[in-house]
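Here's a quick tour of a protein model. Take a look at it first, then read on.

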Amino acid sequence: MDRGSGVLRTIVVVVVLLLFFVSLELMGGSFKLMGKGFAEQLLSTTSNPFVGLFIGILATSLVQSSSTVTSMVVALVAAGGITVSGAIPIVMGANIGTSVTNTIVSLGHITRREEFRRAIAGATVHDFFNLIIVAILFPLELATRFITKISLWLAEGLTGVGGAELLSPVKVITKPVSNAIIAGLGENGIAVLVVGVVLLFLALRYLVILLRKIMLGRSERILHTYVFGAPAVAMLVGILVTVLVQSSSITTSVTVPLVAAGIVTVSQIFPFVLGANIGTTITALLAALVLAADGSEAGVLALEVAFAHVTFNVIGVSLALPFRPIREVPVQLANWLGNLAVKNRAYAFAYVGFVFFVLPLVVIFATRGINTDFYSAPEGDAVESVVGQ
Amino acid sequence: MLFFDLFRRDRPPLIEQSLENMQVMLDTSLRMFQDATASLLENEVLVRDLSEQDKTVNQKESAIRRAVLEHVAIDPSREMIFSLILISIVQDAERIGDLAKSIGEVAQLADGRRHGEHVGVLQDLRDRLVQVFRLTRDSFADADDEQARLAMERSSQIKQELTEFLRRVSEDDSLSPNTAVVLAVGSRMFSRVSSHLSNIASSVAMPFDQIRRPPGWE
């Protein structure tokens with residue numbers, strides 16, 4: 001890549017990034033335009049944390065991007081559409097849902113038996129890790145709200161040192177653009193939401209495509225040298241590469257053919273996959289930083305959700321990475337599923353269909369309207385002050 | 001790769017065609033090997049022209065290389081690993097054809113009929129090698145790693161016995177120079193055929209970076 005095309009690509013990346021921020025403001029604006037009734041409906045839906053968790057899984061499985069779902073959740077929180085308590089289970093669900101992409105990629109190896117077994121194991125180690133971590137941290141969060149507390153502390157800490165204003169210059173550019181679009185759409189809440197969502201999808205899609213082209217090729221040597229070395233280094237590379245390409249699906253999908261070909265083992269790629277889990281949280285953090293740039297209380301709540309995503313993943317990785325026996329659990333489960341899928345390939349399809357689509361749908365519909373009072377919103381986690389402003 | 005491709009268990013057409021060509025190469029090489037060894041060990045007259053059959057094998061090798069390149073250019077996301085495997089081992093299948101032709105040429109060097117204890121040992125090894133041929137062919141077609149491992153293990157055993165056979169021939173003073181050369185060169189070619197078959201089986205039984213290596217699970 002020569003200097004000219006490099007500069008051009010950088011400009012395009014910046015423009016796409018600005019469009020991503022505009023889309024967040026449009027979505028936030030649309031929720032405000034749709035008023036209190038809409039917010040109450042959303043609040044009621046997400047007040048049950050189990051429903052929230054499975055909404056996160058299903059939505060991310062459908063759009064195959066946790067960045068899209070977590071950014072939307074952050075925008076919703078900033079607009080007062082949902083509470084932080086309602087948002088955290090969705091973010092946890094998004095963590096599970098995002099691993100569907102490389103599991104689907106692994107199904108493409110179906111014509112070669114051994115290759116298929118290894119591919120399934122290589123892809124589902126990410127699924128199993130996320131499922132286990134959610135199974136541990138989700139009840140703990142419900143009982144103690146420790147993730148909420150840590151993320152609140154981080155958000156307030158960052159705001160306290162002026163970090164929330166880090167991206168306020170961006171707001172100077174994006175705010176007039178989003179205001180102009182909202183005015184152009186006659187302040188119709190639904191139209192603004194549709195434009196916001198479409199813009200979010202397009203912006204994130206092209207951001208990933210552009211960054212993948214620019215960054216992944218350059219990361220080839222880093223990947224080759226460090227990915228399958230010491231677990232801690234592999235994890236750091238996983239974080240770095242995922243931050244650079246803004247998509248954990250891209251980085252983890254790279255490992256599937258390597259495992260399928262038998263060049264590396266599931267245990268070897270696992271730390272890298274863990275890094276990707278942390279790296280993918282940067283998108284929602286960026287989104288929250290823009291939304292919090294005006295210093296509003298709602299912006300700080302959005303920041304809290306983004307930090308909850310980071311905290312959840314950092315805790316998950318901290319539990320697994322240092323201890324080989326713990327690290328081996330998802331690896332063993334993934335290998336077990338790989339062996340099962342080779343005996344009957346329908347198991348692999350059934351697994352994807354059940355975990356990512358059928359189970360979330362069943363839980364969402366079966367528990368509709370059931371509210372839980374054991375996970376009520378804490379003081380300050382209110383939305384009414386924001387909606388309709 | 002489109003979403004609905006995931007539910008398809010058939011291969012892309014060019015890869016399917018390459019797999020069929022690979023099977024034709026192995027089938028043709030097996031026929032050539034059987035004809036050539038029948039000439040060498042059972043003193044039969046070669047009816048089929050081994051050179052013509054070898055040309056077929058060579059043409060199939062070119063066809064596979066072209067088809068795989070075209071497939072990778074069109075749809076690199078599907079069957080990428082298998083495409084690389086095909087390119088890695090197609091040369092082994094081609095070399096088996098060459099070696100079978102050479103065994104036929106060695107038979108022509110012999111100045112008398114081949115019989116006796118040494119020939120009996122080679123006949124037994126030849127019969128077992130034909131089984132390895134079939135195991136390799138089937139394991140490759142069905143991507144059956146268990147059959148492929150069996151093929152590699154049997155191939156390894158046959159090669160050890162061929163080394164021992166060569167030692168015994170070298171120590172047998174009763175053999176004429178012509179018979180000793182014919183048996184020695186013939187057995188070395190058996191060993192090479194066995195190695196190439198093992199290489200092909202390794203593409204099913206072994207990780208991608210271990211293709212052409214000896215059995216790694218021993």
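The largest nonpolar core has 96 residues, and Leu24(A), Val73(A) and Val74(A) touch the most other members. A nonpolar core here is a set of buried Ala, Val, Leu, Ile, Met, Phe, Trp, Tyr and Cys residues joined through side-chain atoms within 4.5 Å, and buried means under 20% relative accessible area with a 1.4 Å probe, counting protein chains only. This is a predicted model: local features need pLDDT of at least 70, side-chain atom pairs count only at pLDDT 80 or more, and totals for chains, interfaces and linings use all residues. Residues are numbered from 1 along each chain as its sequence is written, chains are lettered from A and ligands numbered from 1 in the order written, and side-chain values use heavy atoms, leaving out hydrogens and water.

- Leaving aside neighbours within four places in sequence, Leu24(A) is in contact (heavy atoms within 4.5 Å) with Ser71(A), Ala75(A), Leu200(A), Ala287(A) and Leu291(A).

**Chain B**
- Chain B has six helices and zero strands.
- Buried residues make up 50% of its 218 residues.
- Of the contacts in chain B with a separation of 6 or more, 81% are between residues 24 or more positions apart.

Technical notes:
Helix = DSSP H or I, 4+ residues; strand = E, 2+ residues; numbered from the N terminus.
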